[in-house]
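Student: Could we go through this model together, beginning with the overall picture and then moving to individual elements?

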Amino acid sequence: MTGSDFETDFGEEDFFTGGDIGGPSEPSDSPAPLYEHLSITADEGQKPLRIDKFLTDRLPHVSRNRIQMSAEAGAIFVGDKPVKSNYKVKPFDRISLRLERPPYEGDPVVPEDIPLDVVYEDEYLLVVNKPPGMVVHPGHGNYSGTLLNALAFYLRDEQNFDPSDPRLGLVHRIDKDTSGLLVIAKTPEVKSALGKQFFHKTTKRSYKALVWGVPKEDEGTVRTNLVRDPRNRLIYTTCPYEGEEGKTAVTHWTTKEKLGFVALIECRLETGRTHQIRVHMKSLGHPIFNDSAYGGDQILRGRRDGSYRKFVHNCFEICPRQALHAESLGFFHPVLKRDLFFEAPLPADMSALVGKWRSLGAEEI
């Protein structure tokens, strides 16, 4: 539709909420597709105008600040390229808003009686500890058995909770094969407030990961931009920090335990890009153990004898996924007006994996 015939009832709740682009943690195993939520084509006589001003003039129910947040998050496109708020709109530019969630079309999420590990709950939100192997949202070949299906059943008596409504529910996401903590909003207002905290980097999040090799330093920070790998569009790679390509990504890491040929590390997220920890650990030469997308499912350190190979393959079987766990989550409760902080212990598979490496013994390493 053109700028002249655009429907003006598109509202703030339809726009970027802070958790719709890339996810503020480690999202899906393969990058989620982007869904077009809005399309405007500039008129033939369009004079140069900042895109945030252009959209604000045409979307009376959306604030300029929300539009700027969306542009900063990479959600506003001209043609097939994301643009920043200061982009000058030209005649015939096709402008679109693209988010990782599909537009709300009213298709109901089917409630399924799937056990949930609820760490905290009040009338406004809840925090769950997601097990490995569970997809967070239906779609892309996973239409049942997801976290949202489980939430639809768990909150079935909450009259105001519609699991099919993207204005509430999951505030952020983690991979199917990453375990750990997620916060779910029961109202649009709470989701919006929490989403802004993730966007403005005021949340506290840490992960535990088992990586190949022992870093030379005990702690460090990785600062890069992340872009899709041109050789494989399903994964990401690094490029210069704050350069023209990609999105900025910052990970602070600390070695917690040295286990010979592997190490248990803690990663604290400053940003939350798709595959961020996984890409950053690979960039350091320490891929996450059994991370098939980034080479961690090969024997990268250690001996060459058969008994060691058998030991490692047994470890792959014990933890048949990337050894990554969202261990802690902290945020400011937007209604109760106080800080909340939660921790989740390593799940059984990662705990057993770490124990297996400890059992190898210093004399064998």
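Student: What should I know about the source before we start?

Tutor: This is a predicted model, in which local features need pLDDT of at least 70 and side-chain atom pairs count only at pLDDT 80 or more, while totals for chains, interfaces and linings use all residues. Residues are numbered from 1 along each chain as its sequence is written, and side-chain values use heavy atoms, with hydrogens and water left out.

Student: How many helices and strands does the chain have?

Tutor: The chain has seven helices and 17 strands. Helices (H or I, at least four residues) and strands (E, at least two) are DSSP runs, numbered from the N terminus.

Student: And how much of the chain is buried?

Tutor: Buried residues make up 52% of the 365 residues. Buried means under 20% relative accessible area, exposed means over 50%, and partly exposed lies in between, with a 1.4 Å probe and protein chains only. As for contacts (heavy atoms within 4.5 Å), residues 24 or more positions apart account for 70% of those with a separation of 6 or more.

Student: Turning to strand S16, is S16 largely enclosed or largely open?

Tutor: Strand S16 (residues 324-332) is largely enclosed by the rest of the structure, because eight of its nine residues are buried.

Student: Which strands does S16 pair with, counting bridges?

Tutor: Two strands pair if DSSP finds at least two bridges between them. Strand S10 (residues 179-185) runs parallel to S16 and is joined to S16 by two bridges, with Gly-180 opposite Ala-326. Strand S11 (residues 204-212) is antiparallel to S16 and has six bridges to S16; Arg-205 has Leu-329 as its bridge partner there. Strand S17 (residues 339-343) is also antiparallel to S16, through five bridges, and Phe-331 stands opposite Leu-340 in S17.

Student: What lies between S16 and S17?

Tutor: S16 and S17 form a hairpin with six residues between them. Lys-337 is in that loop, and its phi is near 60°, a positive value in a residue other than glycine. Most residues other than glycine have a negative phi, and most peptide bonds are trans.

Student: Is Lys-337 buried or exposed?

Tutor: Lys-337 counts as exposed, at 56% relative accessibility.

Student: Which other residue has a positive phi although it is not a glycine?

Tutor: Asn-290 has a positive phi of about 65°. Asn-290 sits in the loop between helix H5 (276-283) and H6, and it is buried, with a relative accessible area of 11%.

Student: New topic: what are the partners of strand S12?

Tutor: Strand S12 (residues 219-229) is joined by eight bridges to strand S14 (residues 247-259), running antiparallel; Glu-219 stands opposite Thr-254. Five bridges join S12 to strand S13 (residues 232-239), also antiparallel, and Leu-226 stands opposite Thr-238. S12 and S13 form a hairpin with two residues between them.

Student: Finally, where is Phe-77, and what is Phe-77 in contact with?

Tutor: Phe-77 is in strand S3 and is buried, with a relative accessible area of 6%. Leaving aside neighbours within four places in sequence, Phe-77 is in contact with Leu-34, Pro-82, Arg-94, Ile-95, Ser-96 and Arg-98.
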